[in-house]
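Colleague: Hi! Could you walk me through this one?
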Amino acid sequence: MSATVAGWLQVALLVGALVAVHRPLGDWMARVFTGQRHNRAERVVYRLVGVDADAEQRWPAYLRSVLVFSLAGVLLLYALQRLQQALPLDDGMSAVEPSSAWNTAVSFVTNTNWQGYAGESTMGSLVQMAGLAVQNFLSAAVGLAVAVALVRGFARTRSGTLGNAWVDITRAVTRILLPLSVLAAVVLVLGGVVQNLSGGTDLATLAGITQHIPGGPVASQEAIKQLGTNGGGFFNANSAHPFEGPSAWISLVEVFLLLAIPFSLPRTFGRMVGDRRQGYAVVGVMAGLAAASLALATWAQARAGGAALQLAGAAAEGQEVRFGGPLSVLFGTATTLTSTGAVNSMHDSYTPTGGLLVLGNMMLGEVAPGGVGSGLYGLLVLALVAVFVAGLMVGRTPEYLGKKLGRREMTLASLYVLTTPALVLVGTAVAMSTSAGTGSMLNAGPHGLSEVLYAFTSAANNNGSAFAGLSANTTFYNVALGLVMALGRFLPIVFVLALAGRLAAQGHAPVTAGTLPTHRPLFVGLLTAVVLVVVGLTYLPVLSLGPIAEGLS
Amino acid sequence: MPALRSGRQLVAAVRLLLVATVVLGIGYPLAVTGFAQLVAPGRADGSLVSVDGEVVGSALVGQAFTDAAGDPLPQYFQSRPSASGYDGAASGGSNLGPNSPDLADLVAARRAAVAAFDGVDPGDVPPDAVTASASGLDPDISPAYAAIQVDRVAAARGVAPAVVRQLVDDATAGRDLGFVGAPHVRVLELNLALDRELGR
């Protein structure tokens with residue numbers, strides 16, 4: 001079988017699996033977030049935490065819960081890293097340096113999982129398990145909660161409230177993320193992903209060389225790292241490490257895990273707003289963008305672009321033999337289209353066009369399908385922009401799902417759309433104009449600019465993947481990227497929840513002959529165009545100085 | 001009073017965080033560890049491979065087959081170049097860009113070295129032999145890279161190439177399920193088979 005045919009067959013298998021779980025998982029998530037009953041374990045949690053689980057929150061209270069919870073997460077994670085040498089299971093690691101600890105704490109709480117540090121030489125098992133892996137669950141749960149709150153904004157009529165953040169976060173963990181992670185971890189263990197608490201083995205190789213074989217609770221962490229679109233690897237090489245990605249089929253399972261929830265959430269949305277066709281339109285936009293990006297990237301990576309790669313004969317630098325080209329591109333595309341940032345190949349060594357595409361995937365705002373929760377709320381905000389654009393064309397007040405979009409609503413949507421590009425471009429500009437910023441580049445010329453641009457794009461979009469040649473574990477990058485990650489996560493959440501509050505308070509306008517149907521192919525095309533145009537106009541100048549210049553050179 | 005409400009929220013946040021740390025940070029990984037150690041202890045501990053009771057490596061983690069001076073041992077199939085020198089405590093790739101002059105120099109030097117060592121035409125050296133992997137611990141080489149090493153290994157061990165070629169075939173894995181990933185040759189398994197069948 002030719003490599004090309006095999007490559008597309010593995011895509012077909014992946015798509016089949018995603019289609020198969022779309023309905024059951026999407027419907028299940030809708031039930032989780034609309035159900036009235038609390039199970040026994042949850043009631044125990046609510047009692048321990050001291051919240052009234054049946055009390056509804058208005059949007060400012062919902063927002064305050066989300067922000068306070070995240071702030072507490074940052075503080076705990078920072079403390080764990082700074083004190084790890086005094087705690088058990090430190091595996092001989094010393095306290096993490098302050099700027100790195102700040103960066104990592106923000107990184108994991110914001111679902112970014114940017115890693116300035118190398119896992120196997122920085123973090124002991126306790127920090128990995130009780131610190132980082134816990135935030136893998138909680139940051140994904142927060143994303144789900146915010147998305148659900150926005151969906152309730154569309155679904156509810158003249159309501160002052162959006163639900164209860166504590167309940168949403170708890171249920172996201174107990175009914176979705178934890179059960180699925182256990183299942184996934186079992187599969188990963190059977191596939192050869194390590195899971196022990198031994199701290200590793202030292203041995204003499206066949207040639208008599210001493211080699212350290214690392215250990216750790218890898219499978220349990222890998223499962224939620226993918227499922228929660230987190231992406232922070234146990235090891236520096238992330239899912240390319242043989243203990244995180246021991247075989248090609250396991251790597252394909254990992255791609256499935258990171259796409260499963262984001263691609264099922266539109267179904268949840270459709271169910272909750274009482275019109276499943278709206279969910280199909282949303283998933284249609286996501287799937288169309290993803291398919292186009294994958295096709296382009298596969299094509300680009302198959303032709304060894306770039307002088308050094310042409311000399312090698314293929315884009316094999318930074319790729320594992322067992323995965324091969326097509327699976328490497330599939331993983332790279334999926335991880336940057338979601339907010340995952342895990343890698344099974346090194347994006348810094350991609351061909352110029354391939355590197356441009358994975359960068360562009362993140363610049364789309366990670367809405368195809370995006371991170372757990374954040375992808376859905378990102379695309380819904382862009383849907384409002386699309387409806388607004390259509391309304392301008394025909395001179396009607398824009399409406400989406402019966403909600404009228406006035407000046408306030410569009411202001412919030414616009415602020416949401418502008419936040420990330422502002423963070424990316426300002427951050428990159430600051431880095432490029434200081435020696436602290438430019439001193440960390442590994443490659444010279446346009447590729448060096450791409451490394452910095454990639455870092456800020458990854459941070460602002462909460463992705464976490466890297467053009468890893470950039471030496472990002474410096475005070476400048478730790479502090480700057482930490483700030484960008486925090487603002488890139490929480491400013492949009494503020495805008496989304498404020499928007500949700502305004503929408504929930506409205507009634508539903510009746511559908512008339514003049515209403516733009518938002519479930520038809522016309523709207524799918526319009527929304528796709530809006531996503532592409534917003535991105536294209538924003539980033540084209542800087543892209544032409546970086547990857548485009550490199551591709552043409 | 002918003003300030004008061006925020007204070008109460010903070011208490012709730014810290015408590016939920018502590019509950020989550022116990023359940024998700026300790027309970028969950030320990031439960032998975034228990035399952036793994038019970039059901040698949042070998043895999044959970046890193047698929048270690050032993051010869052005569054001595055652990056010589058992990059079936060999943062690549063290693064260098066070089067002498068003390070770092071020169072390749074002719075009696076063994078060679079792994080790919082590694083950005084970390086097959087250091088198990090420092091995984092990662094080179095991260096050199098597609099137009100990097102450093103990478104171009106490395107590729108040219110590796111091509112010349114492999115061609116000379118294996119006695120083949122430089123044009124026959126496959127891409128994986130001249131590029132570093134993503135992990136720096138790639139346990140596999142392509143069937144093409146194994147093929148150009150057969151004659152050299154056979155000569156070093158004083159056996160017919162056909163004998164070595166048979167062992168290469170035994171250590172070659174196709175795509176998973178027939179279409180996932182890429183065909184690969186497991187280098188440690190192959191070199192262990194050489195030692196076992198033909199003596200060290």
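Modeller: Happy to. Contact here means heavy atoms within 4.5 Å. Keep in mind that this is a predicted model.

Colleague: Good. How many residues of chain A are in contact with chain B?
Modeller: On the chain A side there are 107, in contact with 95 residues of chain B.

Colleague: And what area is buried between chain A and chain B?
Modeller: About 7,600 Å², with carbon and sulfur atoms giving 66% of that. In chain A, the residues that lose the most area to chain B are Leu206(A), Glu317(A) and Val321(A), together 11% of what that side buries.

Colleague: How many salt bridges does the rule find across the interface?
Modeller: One. Arg322(A) forms a salt bridge with Asp138(B), and their closest N and O atoms are 3.9 Å apart. Helix α7 (residues 165–190) of chain A gives the largest share of the side that touches chain B, 11 residues. That side of chain A divides into 65 nonpolar, 34 polar and eight charged residues.

Colleague: What about polar contact between the two chains?
Modeller: The rule finds 38 residue pairs in polar contact across the interface, both at pLDDT 80 or more.

Colleague: Switching topic: in what order do the strands of the open sheet in chain B come?
Modeller: The order is β3-β5-β4, three strands with antiparallel pairing. β3 (140–141) and β4 (172–173) of chain B each have a single partner strand, so one side of each lacks a neighbour in the sheet.

Colleague: How many bridges join β4(B) to β5 of chain B?
Modeller: Two. In β5(B), His184(B) is the bridge partner of Ala173(B).

Colleague: And which helix lies across β3 and β5 of chain B?
Modeller: Helix α7 (residues 187–198) of chain B, running at about 50° to β5(B).

Methods: Residues numbered from 1 in each chain as written. Chains lettered and ligands numbered in written order. Predicted model: local features only at pLDDT ≥ 70, side-chain atom pairs only at ≥ 80, totals over all residues. Heavy atoms only, no water. Pairing = 2+ DSSP bridges. Helix = DSSP H or I, 4+ residues; strand = E, 2+ residues; numbered from the N terminus. Axes fitted to C-alpha atoms, helices over the stretch in contact; angles between N-to-C directions. Buried area = accessible area lost by both parts, 1.4 Å probe. Salt bridge = Lys/Arg side-chain N within 4 Å of Asp/Glu carboxyl O. Polar contact = N/O pair within 3.5 Å; in protein donor to acceptor, adjacent residues only side chain to side chain. Nonpolar A, V, L, I, M, F, W, Y, C, P; charged D, E, K, R; others polar.
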